[in-house]
Amino acid sequence: MENITLLIGIVIVTALVFDFTNGFHDTANAMATTISTGALKPKTAVAMSAALNLVGAFLSVEVAKTISGGIIDESAGIRPEVIFAGLVGAIVWNLLTWLAGLPSSSSHALFGGLIGATVASVGFDAVNADKVVMKVLIPAVAAPIVAGIAATVATRLTYRLAKNRDERDTAKGYRAGQIASAALVSLAHGTNDAQKTMGVITLALVAGGVVAPHSDPPMWVIVSAGLAIALGTYLGGWRIIQTLGKGLTDIKPAQGFAAQTGAATVILASSHIGFALSTTQVCSGSIMGAGLGRKGGVVRWSTAGRMVAAWGLTLPAAGLVAAGAALLAEQGDWGIATVAVLGLAVSAGIWAASRRKPVTHDNVNDLNEPQGIAAEPAGVVTAALQAVAPPPAGPLAPAAPAAPTATVPAPATTG
Amino acid sequence: MHIDWAALGQVFGVSLVVTVGLVGVFTLGIVGTSRKTETAGATAATSTDGSGALARTGAYACFALCAAAVGYGIYLIVA
């Protein structure tokens, strides 16, 4: 731990903050539907997810050799200032999307930040456009489709098989199954995303000459990265949990189980086969799929549209912030200090804005009550649709015309 | 530009089959361990007593299969 310069120290702290926002942002992936179906109480759910994230951080020592997966040419030597600027961009975007209650990929924010910072300080040549398409764009399109179709089919199947059963009778079983699937998602998340931060810190340490190149991360790095992501998970991004659990569609226990199982399967299959998909997009897609799979289920396309827009913006937005940060940080010590102060100020501002309409574990499940009237029209539209749509028709057909009428309410995330 | 369609197709196929399979098996387990709703139960009441134990055993086998799948999932994460 000796000889850590101030700059390296700042990078490490920033990386841990990013790790924290990553856990904070992604609690929803594993736990949103678990909370909204009542499988687990909100506090229990986030505590379990946090514990599994922590365990996941220690499970694997397979540190990503390159933090960006080859998107950026790191061979020329990526400097700590660039990593710092990239992290700031990623953190700011993570906090903004959290404020809007939109699930977006933390990995894509990190990629975007690093790309932006690299472009600003080195130029476009250092970015592999092919890799951007292959690792970011294609998965972003594929993930929700793959997970969505799997969850739709699974939801239909489970409703068909259990059609002679009382919903109250089966709910307990579905909830138990859902907890198991959610646990797998949490564990996989801890393993993947805590690793990313460890990779970033190790890279900074290598860049600063503190540890030898190609070495495993020191134990204190593993422990601190695991703790940061677990703490973030435990505090819970309740706004995003609300969107995913209640805002996109109304989830019943059978759907929650199908969605969560689909998400766990897609995440494990994709990382195992070597075509990594973003956890956030997989989970969002499977929740929408489960919404479509139930007869009379309605996906709120306005919320889904805003979410997809956020996905599209993640890379460029994080990149722009990071590019600005990189240009400042290049100016020397005062530039880095300015970036740090600005980053803190923006974060504090976003936090202050969030306090005006706080979403906590107490009100995460009651979308219609405290945030009130805005949600009402959606209920009316949904009810009208259910009355008009003939039950045997595919849910896709009745759901689609809902889009124009349902655009106004945007129920989930008025805060 | 090289896009690995084969891997993507594989992810899609495996995900679809495994998800639907697991959800289906788990649902069979739930169906086996829960009672029928009253209307359906009335029509099938005559045949339930003998096959009740069988249905239960089958249901537990389904749950065991799902537990094994979760175990394999953990193995994939750790490995």
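The buried residues of helix α2 of chain A are Pro42(A), Ala45(A), Val46(A), Met48(A), Ser49(A), Ala50(A), Leu52(A), Asn53(A), Leu54(A), Gly56(A) and Ala57(A), a residue being buried if 20 or more other C-beta atoms, placed from the backbone, lie within 10 Å of its own. The model is predicted, and local features need pLDDT of at least 70, side-chain atom pairs count only at pLDDT 80 or more, and totals for chains, interfaces and linings use all residues. Residues are numbered from 1 along each chain as its sequence is written, while chains are lettered from A and ligands numbered from 1 in the order in which they are written.

Helix α2(A) comprises 18 residues, 42-59, and spans 26 Å from its first C-alpha to its last, close to the 26 Å expected at 1.5 Å a residue; the expected span is 1.5 Å times one less than the number of residues. Helices are DSSP runs of H or I with at least four residues, and strands are runs of E with at least two, numbered from the N terminus. The buried residues of α2(A) pack against α1 (6-36), α6 and α7 (219-235) of chain A.

Between the chains, 44 residues of chain A are in contact with 35 residues of chain B, contact requiring C-beta atoms, placed from the backbone, within 7 Å. On the side of chain A that touches chain B, α5(A) provides the largest share, 14 residues. Chain B contains two helices and zero strands.

Terms used
Two residues are in contact if their C-beta atoms, placed from the backbone, lie within 7 Å. A residue is buried if 20 or more other C-beta atoms lie within 10 Å of its own, exposed if 12 or fewer, and partly exposed in between; C-beta atoms are placed from the backbone.
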